Amino acid sequence: MAADKKGRHIKGTKKQLPDGWITGAFRYAIFPTDEQKQCLEMAFGCERKVYNEYVAGLYDHLEAVGFSGGFLTYRVPNYTTITQRYDFLDRSTDSFVYNDAKIRFQAAIKKYNETYGTRPLHYKKSVQKKMKAGYVPSLQDVKGLPKFHSKKQGGFSYTTNQTNGNIRIEPRDGATFLRIPKFPEGIPVRLHRELPADGLVKKVTLKREGTRYLASISVDYPFEKAPLKETVLAANMTALDYSQSGLYVDSDGKKAGYPRFHELIGKRQRRLNKSLARMKERAMKDENGQPVYSKNYRQTVVHYQKTMAKAANQRNDFLHKRSHQITNDYDAIVVEDLDLTNLAQCLKLGKKLHDNGFGMFRGMLKYKAERKGKHYIVADRFFPSSKLCSACGHKKERLRLSERTYACESCHAELDRDHNAALNLKNYGIHALLDTGFLADPVSN
Ligand SMILES: [Zn+2]
C-alpha cells in the first residue's frame, strides 16, 4: 500500500488511499491575464483536437473491422502518434494535456463497454426515426460510442497532474497564485477557502465556463470522521425515497421542493441551440470548406455555456445546502441502494434522472453525515421498499410504476407511494440500528 512507516500517504503512488483518506475536489475562481488566457485556450483546443483524433482513429478502425455492436476491443495508441502529425501540437503545451485526452478517451471506451458491451448496436430514438425515412446511420449515431467533442459543449478544460511539486499555491506580493506547468509565473487565484493542511495535491483541472475561468484542485487528505452518535432516537431518524419528479420524498411525506433547474433553462437552451444551428448553416466557408464563424456566433456560444454552467451551479448549491441541513437535523439518514445508471435505462428515464442529481446528493449526504458522526444507512439492494405496506408489513406481488398511491389489500391503508416507501426505509433503518445496538430504548427516553 502506498503509505510510509508512519502511515502517511506516499506521493505519486496512488492506487489505493490509506485508511481514513479521501479525495476531494476544491473549486476556485482563477483570473488569468490575457496572455495566460490565450495559453489556456490553446491547451483546451489541443486537448479537444487530440481527443477528436482519437475518436476519428477509433471510427476508422471500427469501419475497417465492420463493427456491429458488442464488446469493443481497441488498442489506444499513444498520444505521440497523433501529436507528431500536427505541427501546432508541438511541445509548447504541457504534455499532460495530451495524456489527459488519452485518459478521457480510454474512460469513454470503458464506459461504452460497461453499458453496451453485451448488446447489439443501438441508436438514439431521433436517429431511429430518421432511419425509417431512409437515413443511413454512421458510427456517430451509435449510442454510447465516444463522440467528437464539439467546440460548443464542454471541451473547455484540461487536467494536469502533480509530479514533483509542479503544482502549488503560492502567496506573493499580497496575492495568491496557482502554479502549474507552463505557468511558472502563476495564475492569480481567489482562495475563498483553504486547501486541507495535510492534503496532497494530485491534479488540477483548468476550465472555462462561459467567460469565467476555474481551477478544480483534486486533493487527497485525511478525512476526519466524527465518532458515531451512540444512541439514536427513532424520532431523530429520517428516510429518503428517491422520487422521479422531485429528488426525494422523506418519511414524513415531505417533498424535497427541488427546482428542476435543467427544465427551467431547457427552453432557453433549445432556443440558443436553434439559433446556433442557423448561424452555422449560414456561415461562410473557408478554402477547406470549414465554416468561418462570426463574432455573433462566438458570443452566442459563450452565452450558451454560461447558461448551462449556471444551471449546474444552482443545482449543486441546492444539493449542498439541503444535505447540510438534513445531516444537521437528523441523527440517522436511510436511503435505498440504487443503481442509477441501471434504473435510468430500465425506466427509460434517461436524461431526466441524470438531471436530478440524486446520485450526487447521496454522496454529499454520506460524507457530511460521516463528518458529523451521523448514521448513514443504505438499505439492502433487494429490500422491497415500494412493495411493502408501511402500516402492516404486507407485501404486494406486483406494483406498477403508474400506481402513485399505495393501497394495501390487507389493512386497507392508503398513502402516497413514495411516502410509503420512505416509511419502509425508515423501518429498515430502525431495525439496522437495533441490530447494531445504536437505537435508544424508547421507554427509558
Ligand atoms: Zn397494510
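Helices (H or I, at least four residues) and strands (E, at least two) are DSSP runs, numbered from the N terminus. Residue numbers start from 1 along each chain as its sequence is written. This is a predicted model, where local features need pLDDT of at least 70, side-chain atom pairs count only at pLDDT 80 or more, and totals for chains, interfaces and linings use all residues.

**View 1. Met42, a residue of helix H1.** Met42 sits in H1 and comes out as partly exposed because 15 other C-beta atoms lie within 10 Å; the cut-offs are 20 or more for buried, 12 or fewer for exposed and anything in between for partly exposed, with C-beta atoms placed from the backbone. Leu89 is 47 residues away from Met42 in sequence, yet their C-alpha atoms are 9.6 Å apart.

**View 2. Helix H1 and what it packs against.** H1 covers residues 34–65, and its 32 residues reach 47 Å from first C-alpha to last, close to the expected 46 Å (1.5 Å times one less than the number of residues). Its buried residues include Leu40, Phe44, Arg48, Tyr51 and Leu58. These buried residues of H1 pack against helices H2 (80–83) and H3 (96–116), plus strands E2 (157–161), E6 (200–209) and E7 (212–222); a contact here is a pair of C-beta atoms, placed from the backbone, within 7 Å. Just after H1, Gly66 has a positive phi of about 65°.

**View 3. Helix H3 and its cover.** With 21 residues, H3 should span 30 Å at 1.5 Å a residue, and its end C-alpha atoms agree at 29 Å apart. Phe96, Val97, Tyr98, Asp100, Ala101 and Phe105 are the buried ones in H3, and their cover includes H1, H2 and E2.

**View 4. Helix H6 crossing helix H9.** The axes of H6 (residues 295–329) and H9 (residues 358–372) come within 9 Å and cross at roughly 40°; axes are lines fitted to C-alpha atoms, for helices over the stretch in contact, with angles from 0 to 180 degrees between N-to-C directions. On the H6 side, Leu319, His320, Ser323, His324, Ile326 and Thr327 meet Met360, Phe361, Met364, Leu365, Lys368, Ala369 and Lys372 of H9.

**View 5. The chain as a whole.** Ten helices and 15 strands make up the secondary structure. Of the 445 residues in the chain, 26% are buried. Among contacts with a separation of 6 or more, 66% join residues 24 or more positions apart.

Methods: Two residues are in contact if their C-beta atoms, placed from the backbone, lie within 7 Å. A crossing is left-handed if the near helix is turned anticlockwise from the far one by less than a right angle, and right-handed if clockwise.
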